[in-house]
Every structure is written in C-alpha cells, then in structure tokens.
Amino acid sequence: MINYVIKLEDLENSILSLRMEAINVCNNILETISTLEDETYQTILHRRYILFEAWEQIADSMGYSIQWVYLTHGEALAELTIKKD
C-alpha cells in the first residue's frame, strides 16, 4: 500500500510539473505575441496558438478568406522574434 501512495505522489508531482511547464510555455507565447504592433497579427496568432482555433474558424470569425488568414499568419510569424530559453 505504501508503494501505491508513493507512486501516486510521484505521479501527482509529475502532473503538477507538466502543468507548470505548460503555463510557462503559454505565458511565453502570449508575451511573444504581444510584442507585435499589428493587432490583426496578434489576433490571428492568439486564436491559433492560445485558443487552438482551426484556420477556417479564424477566417470565419474575422470575416476573411482562409487564404488571407494563411498569408497574414505567415507575415505575423516573419515579424516575430522568438526567445529561446
């Protein structure tokens, strides 16, 4: 029984560690997106990488074609400076 409790605690600690890592990654993404001056770029990147929206959903919600979203997404990425930790 003690082994079970120890394994459960280890698993809980691993999950907590992974959750904290995911939060840190999300915060880094948000921080990076916020460095862009163009709000449209920010919106597309936020919807894609924070809200995990599909390309079609982003296009529909913004009232643009999917091709425009692809193009603008590429332009936004080209303007980013990615920090590597």
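The legends below describe several close-up views of a predicted model.

Local features are taken where pLDDT is at least 70 and side-chain atom pairs at pLDDT 80 or more, while totals for chains, interfaces and linings use all residues. Residues are numbered from 1 along each chain as its sequence is written, and side-chain values use heavy atoms, with hydrogens and water left out.

**View 1. Helix 2 against helix 4.**
Helix 2 covers residues 39–49 and helix 4 covers residues 66–79; helices (H or I, at least four residues) are DSSP runs numbered from the N terminus. The two pack at an angle of about 100 degrees, with their axes 9 Å apart. Here axes are lines fitted to C-alpha atoms, for helices over the stretch in contact, and angles run from 0 to 180 degrees between N-to-C directions. Helix 2 is therefore roughly perpendicular to helix 4, a term for angles of 65 to 115 degrees. From helix 2, Thr40, Tyr41, Ile44, Leu45 and Tyr49 meet Trp68, Val69, Thr72, His73, Glu75, Ala76, Leu77 and Glu79 of helix 4, where contact means heavy atoms within 4.5 Å. By class, this contact of helix 2 with helix 4 has eight nonpolar, three polar and two charged residues. In this count Ala, Val, Leu, Ile, Met, Phe, Trp, Tyr, Cys and Pro are nonpolar, Asp, Glu, Lys and Arg are charged, and the others, Gly among them, are polar.

His73 has its place in helix 4 and is buried, with a relative accessible area of 9%. Buried means under 20% relative accessible area, exposed over 50%, and partly exposed in between (1.4 Å probe, protein chains only). Leaving aside residues up to four places away in sequence, His73 touches Ile44, Leu45, Tyr49 and Trp55. Thr72, also in helix 4, is buried at a relative accessible area of 4%. With residues up to four places away in sequence again not counted, Thr72 touches Thr40, Tyr41 and Ile44.

Tyr41, Ile44 and Leu45 are buried in helix 2. Seen down the axis of helix 2, these buried residues fall within an arc of 90 degrees, so they line one face of the helix; the arc is that of the directions from the helix axis to the C-beta atoms. They pack against helix 1 (2–33), helix 3 (55–62) and helix 4. At the start of helix 2, a side-chain oxygen of Asp38 comes to within 2.7 Å of the backbone nitrogen of Thr40.

**View 2. His46 in helix 2.**
His46 is found in helix 2 and counts as partly exposed, at 29% relative accessibility. Not counting residues up to four places away in sequence, His46 touches Leu30, Ile33 and Leu51. His46 and Ala78 are 32 residues apart in sequence and 15 Å apart in space, C-alpha to C-alpha.

**View 3. Phe52 in the loop between helix 2 and helix 3.**
Phe52 has its place in this loop and counts as exposed, at 69% relative accessibility. Most residues other than glycine have a negative phi. Phe52 has a positive phi of about 60 degrees, although it is not a glycine.

**View 4. Helix 3 against helix 4.**
The axes of helix 3 and helix 4 come within 9 Å and cross at roughly 105 degrees. The two helices are therefore roughly perpendicular to each other. The contact is made by Trp55, Glu56, Ile58, Ala59 and Met62 of helix 3 and by Ile66, Trp68, Val69, Tyr70 and His73 of helix 4. By class, this contact of helix 3 with helix 4 has eight nonpolar, one polar and one charged residues.

**View 5. The buried side and the end of helix 3.**
Trp55, Ile58 and Ala59 are the buried residues of helix 3. They cover an arc of only 95 degrees around the axis, which puts them on the same side of helix 3. These buried residues pack against helix 2 and helix 4. Helix 3 is followed by Gly63, whose phi is positive, near 75 degrees.

Ile2 lies in helix 1 and is exposed, with a relative accessible area of 64%. The C-alpha atoms of Ile2 and Glu37, 35 residues apart along the chain, are separated by 55 Å. Ser14, which lies in helix 1, is partly exposed at a relative accessible area of 40%. From C-alpha to C-alpha, Ser14 and Leu30 are 24 Å apart in space, and they are 16 residues apart in sequence.

Technical notes
Parallel < 35°, antiparallel > 145°, perpendicular 65-115°, else oblique. Polar contact = N/O pair within 3.5 Å; in protein donor to acceptor, adjacent residues only side chain to side chain.
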